[in-house]
Amino acid sequence: MAKRSAPEVNAGSMADIAFLLLIFFLVTTTIETDSGINRKLPPIEDVEDPPIIKQKNIFTVVVNKNNQLLVEEELTDISDLRALAIEFLDNGGGEGEDACDFCQGKRDPKSSDNPDKAIISLKNDRETSYKVYIAVQNELVAAYNDLRDREYMRLFPNEASSFVEANKKFSDPRTSPEEKERLSPKLDEVKLMFPQKLSEAEPSKTN
Amino acid sequence: MSKFKKKKGGELPAISTASLPDIVFMLLFFFMVATVMRDSTLMVKNQLPAANQIQKLDKKDRVMYIYAGEPSSRYTDKYGTQARIQLNDKFATVSEVAAFVLAERASKRQELQNVLTTSLKVDGDTKMGLITDIKQELRKVNALKINYTTRVGDYSQNID
């Protein structure tokens with residue numbers, strides 16, 4: 001028998017099959033948002049006697065039910081919040097053992113002693129919108145990140161990266177363990193200079 | 001001089017569709033890689049607020065999700081427009097959050113049970129009262145690591 005060449009397979013319906021699969025995946029899957037602002041809630045146990053904190057070391061931020069922002073009892077626009085928070089944290093008004101040698105602020109004795117003592121107190125109403133709350137949180141975290149970036153770049157100029165970038169690299173699972181080990185003390189040092197002391201008021205039962 | 005033969009008729013040649021499957025397969029692979037399977041149907045409105053000081057969430061097996069927001073349009077007849085919590089596939093009340101967290105925690109591997117993060121996927125228009133209640137419940141069961149899951153964007157998008 002003469003050898004016959006195999007007939008060509010018709011691939012015309014390939015596109016249809018692929019379209020079918022494509023549409024199936026389009027319908028059943030979502031592009032997941034998997035990033036956000038990380039926060040740590042305080043444990044619930046009551047502190048017996050709360051430490052006494054000087055009023056000048058507290059930076060109060062209140063968001064009322066009309067989504068208005070009160071910073072240190074003054075009506076403020078949210079676009080000014082970051083600058084005000086940086087000014088407060090970086091003030092370094094302390095003397096003696098409270099002195100802050102790396103702060104670049106005004107050293108106003110009426111504002112915070114040093115970044116370690118400075119506490120930002122955030123209070124919101126039950127009627128506050130979540131969007132605005134996130135915007136405020138974002139700006140406060142941004143204030144800390146800006147200051148940490150500044151110190152990280154000052155202390156470790158050869159790293160050629162900011163604190164936020166280094167932190168991202170550190171938490172990336174693809175980074176090698178040696179690299180993480182190298183970054184970890186540097187990150188901790190900067191974190192210790194500007195500890196994120198963001199306290200949220202206990203929800204009051206009355207409002 | 002048959003080089004310049006006149007073309008017969010004005011018919012257009014058929015466009016080859018031979019590469020169409022390749023194009024579609026390329027799209028298919030893109031979607032397969034870039035997306036994840038939906039594991040619970042969203043029953044609430046979920047327009048997340050925007051933020052730019054964000055960190056990536058942990059691996060998926062270390063995260064549990066709590067959704068909240070107004071019930072989506074097809075549930076408003078039954079559940080009204082008051083913001084609600086969604087756990088897995090059903091609406092829940094604030095008091096069920098603690099049980100949910102404990103059940104989720106028990107379903108994870110031993111070594112992961114202490115590193116779990118709770119991701120709050122809350123609609124931007126929700127009032128803080130509900131979120132404060134959720135946070136109180138989470139504190140009661142010691143699920144202290146939380147993540148306010150947000151879109152990437154400037155904070156000014158949140159203010160209207």
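Visitor: In what order do the seven strands of the open sheet stand?

Guide: This is a predicted model, in which local features need pLDDT of at least 70, side-chain atom pairs count only at pLDDT 80 or more, and totals for chains, interfaces and linings use all residues. Residues are numbered from 1 along each chain as its sequence is written, while chains are lettered from A and ligands numbered from 1 in the order in which they are written. Strands here are DSSP runs of E of at least two residues, and helices are runs of H or I of at least four, numbered from the N terminus; two strands pair if DSSP finds at least two bridges between them. The pairing in this open sheet is mixed, and the order is β3(B)-β2(A)-β8(B)-β7(B)-β4(B)-β5(B)-β6(B).

Visitor: Which strands stand at the edges of that sheet?

Guide: An edge strand has a single partner strand, so one side of it is left without a neighbour in the sheet. The strands in that position are β3 and β6 (90–92) of chain B.

Visitor: Which residue of β3(B) is the bridge partner of G36(A)?

Guide: Strand β2(A) is joined to β3(B), residues 55–56, by two bridges, and these strands run antiparallel. Within β3(B), the partner of G36(A) is Q55(B).

Visitor: Which element gives the most residues to the side of chain A that touches chain B?

Guide: Counting two residues as in contact if their C-beta atoms, placed from the backbone, lie within 7 Å, 46 residues of chain A meet 50 residues of chain B. The elements that give two or more residues to chain A's side are α1 (14–28), β1 (29–30), β2 (35–40) and α3 (130–155) of chain A. With 12 residues, the one that gives the most is α3(A).

Visitor: Is α4(A) parallel or oblique to α5(A)?

Guide: Helices α4 (residues 163–171) and α5 (residues 177–193) of chain A pack with their axes 10 Å apart, at an angle of about 135 degrees, where axes are lines fitted to C-alpha atoms over the stretch in contact and angles run from 0 to 180 degrees between N-to-C directions. Angles under 35 degrees count as roughly parallel, over 145 as roughly antiparallel, 65 to 115 as roughly perpendicular and the rest as oblique. Therefore α4(A) is, relative to α5(A), oblique.

Visitor: With which residues is D125(B) in contact, leaving aside its neighbours within four places in sequence?

Guide: D125(B) is placed in the loop between β7 and α4 of chain B. With 14 other C-beta atoms within 10 Å, D125(B) is partly exposed, a class that lies between buried and exposed, the latter meaning 12 or fewer. Once those sequence neighbours are left aside, the contacts of D125(B) are S129(A) and K131(A).

Methods: A residue is buried if 20 or more other C-beta atoms lie within 10 Å of its own, exposed if 12 or fewer, and partly exposed in between; C-beta atoms are placed from the backbone.
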